[in-house]
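Here is a short report for a first look at this structure. Have the sequence and the 3D view at hand as you read.

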Amino acid sequence: MTESSLDPAAAPPAQARPGSGWRRFAADWASDQTSFKGVSWGKAMMWVFLLSDTFVFGCFLVAYMTARMSTTVPWPNPSEVFALEIGGTEVPLILIAIMTFVLISSSGTMALAVHYGYLRDRRKAGRLMLATALFGACFVGMQAFEWTKLIREGVRPWTNPWGAPQFGSSFFMITGFHGTHVTIGVIFLLVLARKVLRGDYETGRRGFFTSRRGRYEAIEIMGLYWHFVDLVWVFIFAFFYLW
Amino acid sequence: MVETTAHAKVGAPAAPPLPADTQHHPVKLYLAVWGWLFVLSACSYLVDYIGLQGWLRWTLIVLFMLLKAGLILAIFMHMAWERLTLIYAILLPPLLVMVFVGIMASEANYTLLTRVLYYGGGN
């Protein structure tokens with residue numbers, strides 16, 4: 001080891017280090033320092049939280065797969081269960097399709113909010129975050145409508161009129177947990193949008209809970225959570241509603 | 001990787017210079033990804049609307065799902081610009097869930113078999 005590598009000030013910045021991706025991969029883990037170079041602790045911890053959340057949703061989907069594969073009674077056809085009557089005709093799965101589009105729209109506005117946050121355009125960033133929250137609230141509202149409809153039709157965690165009784169428990173568990181995530185996301189979006197619009201990240205105003213000064217990176221970290229919620233819905237849509 | 005992370009933006013005079021590792025990318029890219037997500041969602045809905053069945057249905061569902069998930073992860077969540085250290089730390093562990101899926105699929109088949117054999121098709 002040379003003298004210069006012992007001195008952190010003399011070492012080149014993490015991003016500028018030469019070598020292939022794999023070389024940097026090995027160097028990052030072997031550096032006896034922060035492994036995730038160029039990533040703030042807040043962002044790294046959000047990623048770790050999202051990883052753990054992946055396992056939670058992974059377990060729900062695996063449980064659903066096991067229940068659906070092992071039942072001898074036919075599984076209710078989601079295409080018919082989630083159909084809505086529009087203008088006298090039954091349109092299959094239409095509510096779920098609209099919910100999917102609403103959530104994707106919210107992901108788009110969130111991505112743009114992150115973009116404008118880094119441009120220090122707090123009005124645009126704040127408004128886009130409010131739009132994201134609105135789309136999210138819209139999604140939860142439609143989910144509440146869907147739950148109400150299914151409960152009125154007699155779906156319970158232990159029974160339903162169409163087939164395998166495990167359908168209800170899988171449905172309520174998976175969509176309920178996802179809806180909770182969206183709801184928490186909406187609350188956080190509103191809190192953060194208020195901070196952004198008020199200019200907290202420019203004035204250095206301290207947070208009411210952490211007493212720390214925030215940075216515009218908070219929008220990106222919030223975005224990671226929000227996109228993850230959309231990501232989970234992609235899998236739920238494919239495996240629960242379309243399969 | 002370094003070149004792509006710092007897209008200089010001209011139209012914002014008030015903004016201080018961004019640090020090199022800031023995840024800042026052109027709006028055009030986000031809008032393109034947004035559009036593709038709509039197209040892919042419409043495609044996966046059409047799979048159900050048209051009423052495709054069997055292996056074709058399952059293949060298309062998984063294909064559209066993976067494409068959408070990839071776009072969200074890579075572009076919206078900026079994974080494409082992160083260093084390999086973070087990418088592997090986050091993406092490899094969920095792959096282990098596939099092992100769990102395999103175990104539970106085999107277990108589910110066994111449960112189904114015993115139900116058919118001993119309960120004569122009850123649930």
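## A buried tyrosine in chain B

B:Y45 counts as buried because 22 C-beta neighbours lie inside 10 Å. (A residue is buried if 20 or more other C-beta atoms lie within 10 Å of its own, exposed if 12 or fewer, and partly exposed in between; C-beta atoms are placed from the backbone.) B:Y45 sits in helix α2 (residues 27-50) of chain B. Helices here are DSSP runs of H or I with at least four residues, strands are runs of E with at least two, and both are numbered from the N terminus.

Which residues does B:Y45 touch, leaving aside its neighbours within four places in sequence? They are A:L93 and A:A97. Contact means that the C-beta atoms of two residues, placed from the backbone, lie within 7 Å. B:Y45 and B:F64 are 19 residues apart in sequence, and their C-alpha atoms are 9.9 Å apart in space.

Residues are numbered from 1 along each chain as its sequence is written, while chains are lettered from A and ligands numbered from 1 in the order in which they are written.

The mean pLDDT of chain A is 88, and 92% of its residues reach 70 or more. (pLDDT is the predictor's confidence in each residue, from 0 to 100.) Over residues 1-12 of chain A, the pLDDT is below 50. Beyond near neighbours in sequence, this stretch has four contacts in the model. Where pLDDT is low, the predicted coordinates should not be read in detail.

## Chain B in outline

Chain B has four helices and zero strands. Its elements run α-α-α-α from the N terminus on. Of its 123 residues, 21% count as buried. Among contacts in chain B with a separation of 6 or more, 43% join residues 24 or more positions apart.

B:V39 is also in helix α2 of chain B. Is B:V39 buried or partly exposed? It is partly exposed, with 13 other C-beta atoms within 10 Å. B:V39 and B:K68 lie 29 residues apart in sequence and 9.7 Å apart in space, C-alpha to C-alpha.

## Two helices in chain A

Helix α7 (residues 166-198) and helix α9 (residues 217-242) of chain A pack at an angle of about 160°, with their axes 10 Å apart. (Axes are lines fitted to C-alpha atoms, for helices over the stretch in contact, and angles run from 0 to 180 degrees between N-to-C directions.) α7(A) and α9(A) are therefore roughly antiparallel to each other. Angles over 145 degrees count as roughly antiparallel, under 35 as roughly parallel, 65 to 115 as roughly perpendicular and the rest as oblique.

## Where the chains meet

The contact takes 54 residues from chain A and 54 residues from chain B. The side of chain A that touches chain B has 31 nonpolar, 16 polar and seven charged residues. (Ala, Val, Leu, Ile, Met, Phe, Trp, Tyr, Cys and Pro count as nonpolar, Asp, Glu, Lys and Arg as charged, and the others, Gly among them, as polar.)

The axes of α9(A) and helix α3 (residues 54-76) of chain B come within 10 Å and cross at roughly 180°. That makes α9(A) roughly antiparallel to α3(B). Residues in this contact include A:L231 and A:F235 of α9(A), and B:M65 and B:K68 of α3(B).

Technical notes: Predicted model: local features only at pLDDT ≥ 70, side-chain atom pairs only at ≥ 80, totals over all residues.
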